[in-house]
Amino acid sequence: LYENGIQDYQYAAGEMKKYEEGLTLTFGRNIDLNAENWLEMAERGEPIENNRWIQYYKEALNIDCVYELANATDYNQQLLLAMTSGTLPDAFHVYDQTMISQLAEAGVIWDMTEIYQQNANETLGSVIEGEGTEIYSTGMYDGKLYAIPQKMPSTNSYNHLWVRRDWLEELNLEEPKTMDDVKAVAAAFVENYEDNVGLLFSNSYMYEYQGIFWAFGGKENKDRNQWVVQEDGTLAYAEILPEMKEGLRWLNEMYTEGLINPEWSTMDTFTALADYVATNRCGIFFGPHWYGFSLQSYEETMDEDADWIEVGLPVAEEGQTVQIPANNTVDGWICVSKNCENPEAVVHMLNAYVEQLFGENNNFSDFFACDLDSSLWKATPVWCLSATVDLDPCSNMSANYDPETGSMNEEGLEGAGLTYWQYIQDGMSAYQYMFGPVDSCFCYVAETYPQNLLWNAYIGAPTATQNERWSSMTELIDSYYLKMINGEIDIDTGFDQMVTEWNNLGGAQVTAEVNEEYAKYNQ
């Protein structure tokens, strides 16, 4: 299964099993039922336990879905208690990869290998395997599939550079293409606009500002789990490789020259965005595509003519190419309890899900998002998304858009492309920032995906030493990086000292364990 994926489909695209007598399946998932979007949907008449998705499974499969365990505060603890008491729901989500082996060893979940192979239809196989069959290894234990990966688009790994085009035009500046350009733009904004901080920065930078390191050849990813193949064929952890030094050096220069907000180390990104972007005191920052929602939320306080665009990731020197570290991404895994008498029913729910969003006769516009809830696609007990679910609407709009006249051939729009264009016309600017036909995040993705991606070489479960020490090892890196950026220690000597301490703290052992697991699948 891991090497070849599903080969002999017993269910073709569009096919799924409908139960004549009907079934009731119980589910567990980590969800905050008091979140604003779920409450608003409930007020509209579509509570999470009986919305359009739940009704669809009843109609298409004759399956009633009941949430038995839904808890956003101590979900993992409740799951372990249910495991020991023998009261696990029929199917449930696992978000900690190490729990898969615990559940499998305890004998409380189904080995889904043959069940999945015999019941997944072609559409489901194409979605989950959309970026490679190695994704199955993330849900395997002892060579068997115990947890079905909930595929997500790896384009979530992208980082983007956002700039206020109106300020560039006022100052007669070109869109930044290199890191020197980024520095020059930040300096110009500080000089010409009152109380401006230059480039926005925060203590969340290892999750949301990766493009700075990528420009200089650094290879860390937002999940902070990137392993890189070395010349000798072994794996090394990206954050301790010397390629990270130049990004740190550039940030130190920016800090020293007063071109980033000085209190960055005590501010998370959303606080920094609210303090500076929303109040017109910053015109350039790095971040993921979903910051488009933040920009939309600041429209009441931003300048009326504020014109934010995505300009593509800068490079160290012109002519270079940015490698974008990425995972074959999952949004957790689905396990099926041995208490479940029809484990294959969960696979058929996934079949139904992907057909509704990505099948030939899909109903994407009504089931992926709505005006109240952009995460409608997740208001369901099971889910997985196509690798290009975010790229497709941008490509569809771009192909039908005339940039010279600003007109759109709406007859050529379909699915999410049509839906998102309607959102843009209705004034939902977040969808222009993220997916629009020009100057959007996914215009840059379209230029670079998948050829610029550097896939994470190890996506297996955390090793024994990682489970014991990884948080301390990560904190060590964070403390050294902070001191290097703020100029408290020399970058070259400090980096070498950090690597030594990291290895002594457990890094050398983790590296050995990761390479041992890697070798099993890459003989």
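Which residues point one way from strand β6 (residues 148–151) and which the other way, and are they buried or exposed?

Reply: Happy to take you through this predicted model. In strand β6, I148 and Q150 point one way, while P149 and K151 point the other way. All four of these residues are buried, each having under 20% relative accessible area.

The partner of β6 is strand β13 (residues 330–336), and the two run in the antiparallel sense, with 3 bridges between them. Within this pairing, P149 sits opposite W333 of β13.

The largest nonpolar core has 156 residues, and the members touching the most others in it are Y57, Y116, L199, V277 and Y481. Helix α14 (residues 344–358) is the top contributor to that core, giving 9 residues. W333, however, belongs to a second, separate core of 18 residues, which also includes L69, A82 and A104.

Next come two helices, α3 (residues 75–85) and α4. Their axes come within 12 Å and cross at roughly 10°, an angle under 35 degrees, so α3 and α4 are roughly parallel to each other. On the α3 side the meeting residues are N76, L79, L80 and M83, and on the α4 side M99, Q102, L103 and A106. Sorted by class, this contact has 6 nonpolar and 2 polar residues, with no charged ones.

From α11 the contact uses L248, L251, N252 and Y255, and from α20 it uses Y481, M484 and I485. By class there are 6 nonpolar residues and 1 polar residue here, and again no charged ones.

Y481 takes you back to the largest nonpolar core, as one of the residues there that touch the most other members. V277 is another of that group. Beyond its neighbours within four places in sequence, V277 is in contact with L200, A272, C282, F285, L295, Y298, M302 and W308.

Key: Residues are numbered from 1 along each chain as its sequence is written. This is a predicted model: local features need pLDDT of at least 70, side-chain atom pairs count only at pLDDT 80 or more; totals for chains, interfaces and linings use all residues. Side-chain values use heavy atoms; hydrogens and water are left out. A nonpolar core is a set of buried Ala, Val, Leu, Ile, Met, Phe, Trp, Tyr and Cys residues joined through side-chain atoms within 4.5 Å. Buried means under 20% relative accessible area, exposed over 50%, partly exposed in between (1.4 Å probe, protein chains only). Helices (H or I, at least four residues) and strands (E, at least two) are DSSP runs, numbered from the N terminus. Contact means heavy atoms within 4.5 Å. Two strands pair if DSSP finds at least two bridges between them. Axes are lines fitted to C-alpha atoms, for helices over the stretch in contact, and angles run from 0 to 180 degrees between N-to-C directions. Angles under 35 degrees count as roughly parallel, over 145 as roughly antiparallel, 65 to 115 as roughly perpendicular and the rest as oblique. Ala, Val, Leu, Ile, Met, Phe, Trp, Tyr, Cys and Pro count as nonpolar, Asp, Glu, Lys and Arg as charged, and the others, Gly among them, as polar.
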